[in-house]
Amino acid sequence: MPRPRAFDERDVLERAREQFWTTGYAGTRMDDIARATGLGKGSLYGAFGDKNALFHRVFADWCTAVVEVAGEQLTGGPDEEALGRLSAYVHLMAENAAVDTEHRGCLLAKGVAERAQHDPTVNKQSAQVMTALLALLREEIVAAQRNGDIDSAADSEHLAAMLLTVVRGLEAVGKAGLAPEVLRATAETAMAALPTPGKRKRHTTERDAPAAENDPAES
(Lines give C-alpha, C1' and ligand atoms only; values in the text may rest on other atoms or scores of the structure.)
Protein backbone atom coordinates (compact mmCIF):
# COMPACT_ATOMS: atom_id res chain seq x y z
CA MET A 1 0.00 0.00 0.00
CA PRO A 2 1.24 3.53 -0.76
CA ARG A 3 1.95 5.59 2.32
CA PRO A 4 -0.54 8.43 2.97
CA ARG A 5 0.80 11.90 2.31
CA ALA A 6 1.98 13.63 5.46
CA PHE A 7 1.19 17.15 4.24
CA ASP A 8 -1.76 19.35 3.35
CA GLU A 9 -1.86 19.45 -0.43
CA ARG A 10 -3.87 22.67 -0.52
CA ASP A 11 -1.39 24.40 1.76
CA VAL A 12 1.52 23.27 -0.40
CA LEU A 13 -0.17 24.53 -3.55
CA GLU A 14 -0.88 27.89 -1.94
CA ARG A 15 2.75 28.27 -0.89
CA ALA A 16 3.91 27.26 -4.36
CA ARG A 17 1.51 29.77 -5.86
CA GLU A 18 2.95 32.53 -3.69
CA GLN A 19 6.45 31.63 -4.86
CA PHE A 20 5.51 31.64 -8.55
CA TRP A 21 3.49 34.82 -8.07
CA THR A 22 6.40 36.61 -6.42
CA THR A 23 9.32 35.47 -8.56
CA GLY A 24 7.62 34.33 -11.77
CA TYR A 25 8.02 31.02 -13.55
CA ALA A 26 11.53 31.64 -14.84
CA GLY A 27 12.74 33.04 -11.52
CA THR A 28 11.44 30.11 -9.48
CA ARG A 29 13.44 26.91 -8.87
CA MET A 30 12.23 23.75 -7.27
CA ASP A 31 14.69 24.51 -4.47
CA ASP A 32 12.75 27.74 -3.84
CA ILE A 33 9.46 25.88 -3.70
CA ALA A 34 10.96 23.26 -1.42
CA ARG A 35 12.00 26.01 1.01
CA ALA A 36 8.63 27.75 0.74
CA THR A 37 6.65 24.58 1.35
CA GLY A 38 8.98 22.82 3.76
CA LEU A 39 8.95 19.70 1.60
CA GLY A 40 11.89 17.94 0.03
CA LYS A 41 12.19 18.04 -3.73
CA GLY A 42 11.59 14.30 -3.87
CA SER A 43 8.22 14.75 -2.18
CA LEU A 44 7.32 17.60 -4.51
CA TYR A 45 8.22 15.63 -7.62
CA GLY A 46 6.37 12.60 -6.33
CA ALA A 47 3.19 14.52 -5.55
CA PHE A 48 3.06 17.15 -8.29
CA GLY A 49 5.62 16.31 -10.97
CA ASP A 50 8.26 18.71 -12.24
CA LYS A 51 8.20 22.52 -12.04
CA ASN A 52 6.17 22.82 -15.22
CA ALA A 53 3.51 20.42 -13.98
CA LEU A 54 3.33 22.15 -10.62
CA PHE A 55 2.97 25.54 -12.28
CA HIS A 56 0.17 24.20 -14.47
CA ARG A 57 -1.65 23.03 -11.35
CA VAL A 58 -1.21 26.38 -9.61
CA PHE A 59 -2.12 28.34 -12.74
CA ALA A 60 -5.27 26.29 -13.33
CA ASP A 61 -6.42 26.89 -9.76
CA TRP A 62 -5.81 30.62 -10.18
CA CYS A 63 -7.76 30.72 -13.45
CA THR A 64 -10.67 28.97 -11.78
CA ALA A 65 -10.62 31.51 -8.96
CA VAL A 66 -10.61 34.46 -11.38
CA VAL A 67 -13.77 33.20 -13.05
CA GLU A 68 -15.38 32.35 -9.71
CA VAL A 69 -14.82 35.88 -8.37
CA ALA A 70 -16.37 37.34 -11.50
CA GLY A 71 -19.26 34.90 -11.27
CA GLU A 72 -19.97 35.91 -7.68
CA GLN A 73 -20.24 39.53 -8.79
CA LEU A 74 -21.97 39.12 -12.13
CA THR A 75 -24.47 36.26 -12.04
CA GLY A 76 -27.91 36.11 -10.54
CA GLY A 77 -30.35 38.75 -9.46
CA PRO A 78 -32.99 40.80 -11.24
CA ASP A 79 -32.39 42.78 -14.42
CA GLU A 80 -32.86 46.09 -12.62
CA GLU A 81 -29.71 45.38 -10.60
CA ALA A 82 -27.57 44.29 -13.54
CA LEU A 83 -25.95 47.69 -14.08
CA GLY A 84 -25.11 47.84 -10.38
CA ARG A 85 -23.51 44.40 -10.57
CA LEU A 86 -21.41 45.49 -13.54
CA SER A 87 -20.33 48.62 -11.71
CA ALA A 88 -19.44 46.68 -8.57
CA TYR A 89 -17.27 44.26 -10.53
CA VAL A 90 -15.42 46.94 -12.49
CA HIS A 91 -14.79 48.94 -9.32
CA LEU A 92 -13.66 45.83 -7.45
CA MET A 93 -11.05 45.15 -10.13
CA ALA A 94 -9.89 48.77 -9.97
CA GLU A 95 -9.64 48.61 -6.19
CA ASN A 96 -7.67 45.36 -6.31
CA ALA A 97 -5.17 47.03 -8.64
CA ALA A 98 -5.10 50.19 -6.51
CA VAL A 99 -4.20 48.38 -3.29
CA ASP A 100 -1.53 46.17 -4.90
CA THR A 101 1.31 48.12 -3.30
CA GLU A 102 3.81 45.34 -4.07
CA HIS A 103 2.92 45.61 -7.78
CA ARG A 104 2.78 41.84 -8.15
CA GLY A 105 -0.19 42.08 -10.45
CA CYS A 106 -2.23 39.02 -11.32
CA LEU A 107 -0.74 35.55 -11.67
CA LEU A 108 -2.91 35.07 -14.75
CA ALA A 109 -1.30 38.04 -16.51
CA LYS A 110 2.16 37.12 -15.25
CA GLY A 111 1.81 33.54 -16.41
CA VAL A 112 0.53 34.58 -19.83
CA ALA A 113 3.37 37.06 -20.30
CA GLU A 114 5.97 34.44 -19.48
CA ARG A 115 4.53 31.21 -20.79
CA ALA A 116 1.64 31.56 -23.26
CA GLN A 117 3.81 31.86 -26.37
CA HIS A 118 5.61 28.59 -25.70
CA ASP A 119 3.20 26.72 -23.40
CA PRO A 120 -0.01 25.43 -25.03
CA THR A 121 -1.54 24.60 -21.65
CA VAL A 122 -1.17 28.15 -20.32
CA ASN A 123 -2.34 29.56 -23.64
CA LYS A 124 -5.46 27.38 -23.63
CA GLN A 125 -6.33 28.06 -19.99
CA SER A 126 -5.92 31.82 -20.32
CA ALA A 127 -8.10 31.86 -23.44
CA GLN A 128 -10.79 29.92 -21.59
CA VAL A 129 -10.72 32.47 -18.77
CA MET A 130 -11.14 35.38 -21.17
CA THR A 131 -14.01 33.63 -22.92
CA ALA A 132 -15.74 32.95 -19.61
CA LEU A 133 -15.29 36.53 -18.38
CA LEU A 134 -16.55 37.92 -21.66
CA ALA A 135 -19.68 35.76 -21.41
CA LEU A 136 -20.37 36.87 -17.83
CA LEU A 137 -20.02 40.54 -18.73
CA ARG A 138 -22.16 40.17 -21.82
CA GLU A 139 -24.90 38.43 -19.82
CA GLU A 140 -25.12 41.38 -17.42
CA ILE A 141 -25.02 43.92 -20.24
CA VAL A 142 -27.93 42.17 -21.95
CA ALA A 143 -29.83 42.16 -18.64
CA ALA A 144 -29.18 45.90 -18.25
CA GLN A 145 -30.38 46.41 -21.82
CA ARG A 146 -33.59 44.56 -21.06
CA ASN A 147 -34.11 46.88 -18.10
CA GLY A 148 -33.46 49.99 -20.19
CA ASP A 149 -30.26 51.00 -18.40
CA ILE A 150 -28.04 50.41 -21.45
CA ASP A 151 -29.04 51.26 -25.00
CA SER A 152 -30.65 48.16 -26.51
CA ALA A 153 -29.21 49.02 -29.92
CA ALA A 154 -25.64 48.80 -28.65
CA ASP A 155 -23.61 45.67 -29.43
CA SER A 156 -23.48 43.73 -26.15
CA GLU A 157 -20.46 41.71 -27.29
CA HIS A 158 -18.47 44.86 -28.06
CA LEU A 159 -19.42 46.48 -24.76
CA ALA A 160 -18.43 43.33 -22.87
CA ALA A 161 -15.07 43.29 -24.67
CA MET A 162 -14.54 46.94 -23.76
CA LEU A 163 -15.18 46.33 -20.07
CA LEU A 164 -13.03 43.19 -20.10
CA THR A 165 -10.19 45.17 -21.65
CA VAL A 166 -10.61 47.85 -19.00
CA VAL A 167 -10.57 45.50 -16.01
CA ARG A 168 -7.63 43.48 -17.30
CA GLY A 169 -5.82 46.64 -18.35
CA LEU A 170 -6.28 48.17 -14.90
CA GLU A 171 -4.22 45.34 -13.45
CA ALA A 172 -1.45 45.90 -15.98
CA VAL A 173 -1.17 49.68 -15.62
CA GLY A 174 -1.54 49.41 -11.85
CA LYS A 175 1.40 47.04 -11.74
CA ALA A 176 3.34 49.52 -13.88
CA GLY A 177 2.78 52.20 -11.24
CA LEU A 178 -0.27 54.20 -12.33
CA ALA A 179 -1.64 56.08 -9.32
CA PRO A 180 -4.50 54.43 -7.39
CA GLU A 181 -6.77 57.45 -7.83
CA VAL A 182 -6.32 57.21 -11.60
CA LEU A 183 -7.24 53.52 -11.55
CA ARG A 184 -10.41 54.28 -9.60
CA ALA A 185 -11.28 57.17 -11.91
CA THR A 186 -10.78 54.91 -14.92
CA ALA A 187 -13.39 52.51 -13.54
CA GLU A 188 -15.80 55.43 -13.19
CA THR A 189 -15.08 56.56 -16.74
CA ALA A 190 -15.60 53.08 -18.16
CA MET A 191 -19.01 52.77 -16.55
CA ALA A 192 -19.98 56.29 -17.62
CA ALA A 193 -19.04 55.40 -21.21
CA LEU A 194 -21.72 52.70 -21.44
CA PRO A 195 -24.40 54.00 -23.82
CA THR A 196 -27.77 54.69 -22.25
CA PRO A 197 -30.88 55.41 -24.30
CA GLY A 198 -30.80 59.04 -23.15
CA LYS A 199 -27.16 59.47 -24.11
CA ARG A 200 -27.78 58.02 -27.54
CA LYS A 201 -30.74 60.29 -28.16
CA ARG A 202 -28.87 63.40 -27.08
CA HIS A 203 -25.84 62.42 -29.14
CA THR A 204 -27.98 61.84 -32.25
CA THR A 205 -29.84 65.12 -31.80
CA GLU A 206 -26.65 67.11 -31.39
CA ARG A 207 -24.94 65.37 -34.30
CA ASP A 208 -27.85 65.65 -36.71
CA ALA A 209 -28.89 69.20 -35.82
CA PRO A 210 -28.05 71.69 -38.62
CA ALA A 211 -25.33 74.19 -37.87
CA ALA A 212 -26.71 77.54 -36.76
CA GLU A 213 -26.28 80.37 -39.27
CA ASN A 214 -24.45 83.47 -38.18
CA ASP A 215 -26.69 86.29 -37.09
CA PRO A 216 -26.09 89.18 -39.50
CA ALA A 217 -26.43 91.50 -36.59
CA GLU A 218 -23.37 89.91 -35.01
CA SER A 219 -21.22 90.27 -38.16
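**Notebook: salt bridges and a helix pair**

At 34% relative accessibility, Glu157 comes out as partly exposed. I'm working on a predicted model here, so I keep that in mind for everything below.

**Glu157 and its partner.** I looked up what Glu157 pairs with, and found a salt bridge to Arg138, with the closest N and O atoms 3.2 Å apart. The two come from distant parts of the chain: Glu157 sits in helix α8 (residues 156–175) and Arg138 in helix α7 (residues 120–146), 19 residues apart. Arg138 is partly exposed too, at a relative accessible area of 36%.

**Total count.** How many salt bridges does the structure hold? I get 14.

**Arg10 and Asp61.** Arg10 has a relative accessible area of 42%, which makes it partly exposed. Asp61 has 27% and is partly exposed as well.

**Arg35 and Asp32.** The closest N and O atoms of the Arg35–Asp32 salt bridge are 2.6 Å apart. Buried or exposed, I asked of Asp32? Buried, because its relative accessible area is 11% and the cut-off is under 20%. Arg35, on the other hand, is exposed at 58%, since that is over 50%.

**A network.** I also noted a set of linked salt bridges that joins Arg17, Glu18, Glu102 and Arg104.

**Helices α6 and α7.** Back to α7, this time for its packing. Helix α6 (residues 107–115) packs with α7 at an angle of about 140°, and their axes are 10 Å apart. How do I class that angle? Over 145 degrees would be roughly antiparallel, so α6 and α7 are oblique to each other. The crossing of α6 past α7 is left-handed.

Which residues make the contact? From α6 I listed Leu108, Gly111, Val112 and Arg115, and from α7 Val122, Ser126, Val129 and Met130. By class, that contact of α6 with α7 has five nonpolar, two polar and one charged residues.

Conventions. Residues are numbered from 1 along each chain as its sequence is written. This is a predicted model: local features need pLDDT of at least 70, side-chain atom pairs count only at pLDDT 80 or more; totals for chains, interfaces and linings use all residues. Side-chain values use heavy atoms; hydrogens and water are left out. A salt bridge is a side-chain nitrogen of Lys or Arg within 4 Å of a carboxyl oxygen of Asp or Glu. Buried means under 20% relative accessible area, exposed over 50%, partly exposed in between (1.4 Å probe, protein chains only). Helices (H or I, at least four residues) and strands (E, at least two) are DSSP runs, numbered from the N terminus. Axes are lines fitted to C-alpha atoms, for helices over the stretch in contact, and angles run from 0 to 180 degrees between N-to-C directions. Angles under 35 degrees count as roughly parallel, over 145 as roughly antiparallel, 65 to 115 as roughly perpendicular and the rest as oblique. A crossing is left-handed if the near helix is turned anticlockwise from the far one by less than a right angle, and right-handed if clockwise. Contact means heavy atoms within 4.5 Å. Ala, Val, Leu, Ile, Met, Phe, Trp, Tyr, Cys and Pro count as nonpolar, Asp, Glu, Lys and Arg as charged, and the others, Gly among them, as polar.
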